[in-house]
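The stops below go from the whole chain to single residues.

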Amino acid sequence: MGEPGHEEYEIQAFDAETQRLLKTALKEPGAVDLEKVANVIVDQSLKDCMFSKEAGRICYTIIQAESKQASQSIFRRSLLNRLQQEYQARELLRARSLQGWVCYVTFICNIFDYLRVNNMPMMALVNPVYDCLFRLAQPDSLHKEEEVDCLVLQLHRIGEQLEKMNGQRMDELFGLLRDGFLLQDGLSSLSQLLLLELIEFRAAGWRTTPAAQRYYYSEVSD
């Protein structure tokens with residue numbers, strides 16, 4: 001789940017007091033207000049997409065530490081409550097800040113990737129994650145490269161495990177993506193390339209074939 005000490009590197013963006021709070025939460029979660037910690041992590045994730053990519057790792061570490069120390073799940077409950085609040089207001093978030101929306105999707109997908117119950121992804125997150133990805137597959141989103149890029153990155157990371165949790169919704173999602181690729185006017189050449197690569201990636205069993213690697217990634221770098 002990551003190298004020891006990596007979490008400390010990721011919290012350098014915070015002020016000194018918040019860094020102390022997070023460092024304590026990572027080692028002695030019972031000594032701090034874990035609801036406050038959850039809010040700090042979500043707030044930063046909505047502002048900083050680089051942090052949102054790694055926040056799942058930090059949350060996983062705190063949850064593991066709390067479970068070992070106190071056999072409780074205050075942090076996980078607080079985190080999921082806050083995720084649900086932001087999920088319910090997702091259209092407002094997208095309208096207010098496209099970057100904030102992309103950061104939120106990145107964050108919830110990372111939480112889905114890291115959090116486990118009996119070594120399985122959390123069922124409570126499956127439909128919210130799907131709903132976010134479906135939103136990214138709508139025509140207005142497909143015309144925004146930031147959203148297409150986010151969609152492709154998340155499905156590369158969690159698509160295979162998400163499909164195992166609900167294959168029917170994945171079929172529906174890729175139906176939307178194929179329609180978008182074939183029927184939408186005005187998509188940028190980069191968005192078309194990313195969507196085609198994603199469709200082929202899933203068709204190959206969530207793997208990039210050597211031929212696809214050469215074709216798509218030389219095109220992107222060009």
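Colour the chain by secondary structure: there are 13 helices and two strands. Both are DSSP runs numbered from the N terminus, helices being H or I with at least four residues and strands E with at least two. This is a predicted model, in which local features need pLDDT of at least 70 and side-chain atom pairs count only at pLDDT 80 or more, while totals for chains, interfaces and linings use all residues. Residues are numbered from 1 along each chain as its sequence is written, and side-chain values use heavy atoms, with hydrogens and water left out.

Keep the whole chain in view. Its C-alpha atoms fill a box of roughly 55 × 35 × 35 Å along the principal axes. Of the 222 residues, 47% count as buried, meaning under 20% relative accessible area with a 1.4 Å probe, protein chains only; over 50% is exposed and in between is partly exposed.

Next select residues 123-136 (H8) and 167-183 (H11), which pack at an angle of about 10 degrees with axes 10 Å apart. Axes are lines fitted to C-alpha atoms over the stretch in contact, and angles run from 0 to 180 degrees between N-to-C directions. H8 is therefore roughly parallel to H11, a label for angles under 35 degrees. On H8, show Asn127, Tyr130, Asp131, Leu133 and Phe134; on H11, show Arg169, Met170, Glu172, Leu173 and Leu176, the residues that make the contact. Contact means heavy atoms within 4.5 Å.

Leu151, Leu155, Gly159, Leu162, Glu163 and Met165 in H10 meet Gly167, Met170, Asp171, Leu173, Phe174 and Leu177 in H11.

Centre on Leu79: leaving out residues up to four places away in sequence, Leu79 touches Ala38, Val42, Cys59, Phe107, Ile111 and Leu115.

Finally, which helix holds Leu92? Select H6, residues 90-96, to find Leu92. Leu92 counts as exposed because its relative accessibility is 61%. Draw a C-alpha to C-alpha distance from Leu92 to Thr24: the two are 34 Å apart in space and 68 residues apart in sequence.

Terms used. Parallel < 35°, antiparallel > 145°, perpendicular 65-115°, else oblique.
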